[in-house]
Amino acid sequence: MHELGIMSRVLELAIQTAEQHGANKVVEISLQVGALSGILPHYLSSYFDMISTKTRAEGAHLNIEQSPAIFLCAECGAQSVYPEFGPDFICQSCGSDQLTLVSGSEFRVVTVAVR
Amino acid sequence: MEEIKVIELKQSILENNDLRADALRRRLRREKTFLLNLMSSPGSGKTSLLLRTLAQVQPHLRCGVLEADIDSSVDARRIAEIGVPSVQVHTGGMCHLDAAMTETGLSGLDTDALDCVILENIGNLVCPAEFDTGAVRSVMLLSVPEGDDKPLKYPLMFSVCDAVIISKLDCMPYFDFDLEAATRRIQGLNPHAQIFPLSAKTGQGMQAWLDWFERQVTAWNSLELDH
């Protein structure tokens, strides 16, 4: 459910960007969503359509890029990539559970296209 | 057709909330106003605890309340009845409050003239834990009827709190709540959390909580301002 709150900040940012560039319309918003961000892309789109109605971002295309979770092993230094949130968080090369999340929790607005 | 401009932002939305929360804390520090974020699941006794706490601290602290709810203003009215300024924030279906919404809510209170504001967050053990509201301290309630296994099911909530109140202690005889197990589980997740078992109904255990709360308010409001 918190995709709604997150999307309203994205909308705010997109509209503000359009205004700063003297543009009337927001045409596209590109988002980067980490696999462990706890944000479900499906909800982003439906909430965006709901809240962008009658704003200058109405009808804008959402371009959602999902990025994997990458862990660094403290024991062997290898990086393990988890495209999906699996149940066994162990290093894929040595089996250690001493993993630190390097990336995958991010949620970013990468670009906003305006016209 | 007009030309399309692509603007690179690379802005992290969650980081933006953290920055906004920090800015709000700086403002509250200047104004010498303490903000407490009170979280729990629905029906765990936040409003009852709030009413009892306000009745006790009102004589020496000027308090205000921010009531966040998805809808209705039942809670804000109960607070207003005891003469405490309160603002109802409607999140319109949203499951949590972020720093920007907290700021908007606070604009309805004269924070400069208040020693503390208590924010009663949306009843939910998941989402409110993920968003910094700009509060100085966060406290959560776990009520006896909910069960001692909740720290295992909602670890994030228990790890972001400065204190955990185990509420409805008067219900202990009717439930299989293991206070020792709950304490151990909370401490496992968050060794720094203060734990206050209490009953807002009978008053049992209230004093330790009130003392802690007042100490936090005094400590924050007497911080030296760095210019």
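Over all chains, the structure holds 14 salt bridges, a salt bridge being a side-chain nitrogen of Lys or Arg within 4 Å of a carboxyl oxygen of Asp or Glu. This is a predicted model, in which local features need pLDDT of at least 70 and side-chain atom pairs count only at pLDDT 80 or more, whereas totals for chains, interfaces and linings use all residues. Residues are numbered from 1 along each chain as its sequence is written, chains are lettered from A and ligands numbered from 1 in the order in which they are written, and side-chain values use heavy atoms, with hydrogens and water left out.

In terms of accessibility, A:R9 counts as buried at 18% relative accessibility, B:D98 is buried with a relative accessible area of 3%, and A:E12 is partly exposed at 36% (buried means under 20% relative accessible area, exposed over 50%, and partly exposed in between, with a 1.4 Å probe and protein chains only). The pairs belong to a network of salt bridges that links A:R9, A:E12, B:R20, B:D98 and B:E103. Side chains of opposite charge can pair when their charged atoms come close.

Another pair lies within chain B, where the side chains of B:R184 and B:E180 meet in a salt bridge of 3.3 Å, N to O. Both residues lie in helix α7 (residues 179–189) of chain B, 4 residues apart, or about one turn of the helix. B:R184 is partly exposed, with a relative accessible area of 49%, whereas B:E180 is exposed, at 53%.

A search of the whole structure finds 1 cavity of 30 Å³ or more, and the largest cavity has a volume of about 50 Å³. On a 1 Å grid over the protein atoms alone, a cavity is a set of points where a 1.4 Å probe fits but cannot get out, a pocket is an open set with protein on both sides within 12 Å along at least five of seven lines, and lining residues have an atom within 4 Å of a point; grid points are joined across faces, edges and corners, and a volume is the space filled by probe spheres set on the points. The largest cavity is lined by A:G5, A:I6 and A:R9 together with B:I13, B:L14, B:N17, B:H96, B:D98 and B:F131.

The largest pocket holds about 330 Å³ of space. Its lining consists of A:H2, A:I6, A:L36, A:S37, A:I39, A:L101, A:S105, B:L14, B:N17, B:D18, B:E130 and B:F131, and α1(B) gives the most to this lining, with 3 residues. About 190 Å³ of space lies in the second largest pocket, which is lined by 16 residues, with B:P42, B:G43, B:K46, B:E120 and B:G123 nearest its centre. The largest share of that lining, 4 residues, comes from β5(B).

The remaining topic is nonpolar packing. In soluble globular proteins, nonpolar side chains tend to be buried together. A nonpolar core is a set of buried Ala, Val, Leu, Ile, Met, Phe, Trp, Tyr and Cys residues joined through side-chain atoms within 4.5 Å. Of the 74 residues in the largest nonpolar core, A:V26, A:I29, A:L31, A:F107, B:W209 and B:F213 touch the most other members. The element that gives the most to this core is α1(A), with 9 residues. Apart from this core lies another, of 18 residues, among them B:V144, B:I166, B:A182 and B:I186. Within the largest core, A:L31 has contacts, meaning heavy atoms within 4.5 Å, that include A:M7, A:V10, A:L44, A:L62 and A:F107, not counting residues up to four places away in sequence.

Methods
Helix = DSSP H or I, 4+ residues; strand = E, 2+ residues; numbered from the N terminus.
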